[in-house]
Amino acid sequence: MTRRFACLIGAAFCAALMAGPVLALDLALPVNARPTVERNTSPDLYAAPIGVFEAGKVPVLSVEGDVRRGAWRLGSPGLTPLQVIVPLRRQLVDAGFEILLDCASAACGGFDFRFATETLPGPNMYVNIRAFHFVTAVRKTNGTVQEVVTVLSSTSATSAYIQIIQAGALAERTTSVTAKAEVPVPVGEAGPSRPTAQGDLASALLNAGHAVLSDLDFDTGTTSLGQGPFASLQALAELMRDQPDLRLALVGHTDSVGGLQANINISRERAQSVRQRLIDVHSISPSRLEAEAVGYLSPIATNRTEAGRTHNRRVEAVLLPAPN
């Protein structure tokens with residue numbers, strides 16, 4: 001298939017598209033699209049959305065065969081999800097696919113749609129609940145679906161993300177895109193809720209409702225936050241800029257050394273230090289941030305070892321309900 005389509009998203013981006021890598025279905029991606037993860041399973045079953053979230057569910061079309069999943073990141077600020085997906089949607093139509101679903105953000109069902117559909121985990125794939133676009137396309141033979149392709153695009157203030165899932169009789173096809181292997185998040189001593197890669201913060205907050213800010217450090221013997229910069233706070237600030245209704249509680253935790261009230265005071269002051277850094281350095285509105293403390297009442301590791309006590313001394317970000 002040729003790489004001809006209208007330059008709907010600016011001359012520079014169009015030029016990038018014309019020189020981009022090629023997928024198994026000859027979908028041209030921008031030359032600055034960097035693969036973040038590839039995960040293939042065969043045989044497998046993929047439930048492709050074919051309708052928006054309604055009556056508590058998303059209608060799906062189940063397709064058996066090879067299932068190939070990939071995600072890419074574009075370091076291109078200022079794009080919209082529609083701008084990213086239009087050339088890919090057009091290529092699917094040119095390749096003989098029928099579009100079954102084409103929706104954006106709230107029209108898809110927003111939060112409910114996103115979490116009812118298969119999405120590769122962060123930081124490999126980032127989905128802004130208020131800025132995403134989803135397309136499902138099928139190719140039929142004698143009226144029977146042989147292949148399905150779903151494309152999900154989303155954007156932040158600094159980047160754009162693309163996820164493509166292909167399912168069906170794809171065994172004879174090969175891809176010319178080389179993607180990095182997905183790196184799992186270890187759950188050893190750090191505990192199951194402690195992300196080791198700061199890019200996981202947005203995904204953890206939106207999926208689990210809380211995330212540990214694991215790269216923070218405080219001056220010895222004080223509650224003053226170190227100089228930084230801290231990747232976790234940068235990730236939080238970017239997420240809050242992308243989602244202007246999002247509110248957070250910053251919750252301080254300690255180990256069990258000392259009395260409860262003293263530890264609550266220490267953990268509150270540390271949470272307040274983190275809150276103030278987000279306000280002063282990252283320009284987050286004070287009304288969107290709260291500072292709370294629980295002292296040693298919510299450990300994530302044993303307090304009987306130094307390693308465990310270190311994990312327990314932390315600040316977590318907790319998702320709060322949007323204002324009415």
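**Exercise 1.** Which residue forms a salt bridge with Glu 306, and how far apart are the closest N and O atoms?

Solution. Start with the ground rules. This is a predicted model, where local features need pLDDT of at least 70, side-chain atom pairs count only at pLDDT 80 or more, and totals for chains, interfaces and linings use all residues. Residues are numbered from 1 along each chain as its sequence is written, and side-chain values use heavy atoms, with hydrogens and water left out.

- Step 1: A salt bridge here is a side-chain nitrogen of Lys or Arg within 4 Å of a carboxyl oxygen of Asp or Glu.
- Step 2: The partner of Glu 306 is Arg 309, with the closest N and O atoms 3.2 Å apart.
- Step 3: Both residues sit in helix 8 (residues 306-312), 3 residues apart, about one turn of the helix. Helices are DSSP runs of H or I with at least four residues, strands are runs of E with at least two, and both are numbered from the N terminus.
- Step 4: Now check exposure, where buried means under 20% relative accessible area, exposed over 50%, and partly exposed in between (1.4 Å probe, protein chains only). Glu 306 counts as partly exposed at 44%, while Arg 309 is buried at 19%.

**Exercise 2.** Find the residues that salt bridges with shared partners join into one network, then look at two further pairs.

Solution. 

- Step 1: The network consists of Arg 39, Asp 44, Arg 69 and Glu 118. In total, the structure holds 12 salt bridges.
- Step 2: Glu 290 and Arg 247 also meet in a salt bridge, at 3.0 Å from N to O. This pair links distant parts of the chain, with Glu 290 in strand 9 (residues 289-295) and Arg 247 in strand 8 (residues 247-253), 43 residues apart.
- Step 3: Glu 290 is partly exposed at 29% relative accessibility, and Arg 247 is buried at 19%.
- Step 4: Arg 139 and Glu 147 make another salt bridge, 3.4 Å from N to O. Glu 147 is buried, with a relative accessible area of 7%.

**Exercise 3.** Work out the strand order of the open sheet of 6 strands, and say which strands stand at the edges.

Solution. 

- Step 1: Two strands pair if DSSP finds at least two bridges between them. Strands of a sheet pair through backbone hydrogen bonds, either parallel or antiparallel.
- Step 2: Reading across this sheet gives 1-2-6-5-4-3, with antiparallel pairing.
- Step 3: Strand 1 (33-49) and strand 3 (98-104) are the edges; each has a single partner strand, so one side of each is left without a neighbour in the sheet.
- Step 4: Zoom in on strand 5 (residues 144-155) and strand 6 (residues 160-168), which run antiparallel and are joined by 9 bridges. Val 151 stands opposite Ile 164 in strand 6.

**Exercise 4.** Locate the disulfide and give its handedness.

Solution. 

- Step 1: The criterion is a pair of cysteine sulfur atoms within 2.5 Å.
- Step 2: The structure holds 1 disulfide. Cys 103 and Cys 108 form it, with their sulfur atoms 2.0 Å apart.
- Step 3: The torsion about their S-S bond is about 110°, so the disulfide is right-handed.
- Step 4: Cys 103 is buried at 6% relative accessible area, and so is Cys 108, at 0%.

**Exercise 5.** How many aromatic pairs does a search of the whole structure find? Describe two of them.

Solution. 

- Step 1: Rings of Phe, Tyr and Trp (its six-membered ring) pair if their centres lie within 6.5 Å; planes under 30 degrees apart count as stacked, over 60 as edge-to-face and the rest as tilted.
- Step 2: The search finds 4 aromatic pairs. One of them is Phe 113 with Phe 134, edge-to-face at 5.2 Å centre to centre and 80° between the planes.
- Step 3: Phe 113 lies in helix 4 (residues 110-115) and Phe 134 in strand 4 (residues 132-141), so the pair ties together parts that are 21 residues apart in sequence. Phe 113 is buried at 1%, and Phe 134 is buried at 1%.
- Step 4: Tyr 126 and Tyr 161 have ring centres 5.8 Å apart and planes at 70°, so this pair is edge-to-face.
- Step 5: Ring pairs also link Phe 113, Phe 132 and Phe 134 into a cluster.
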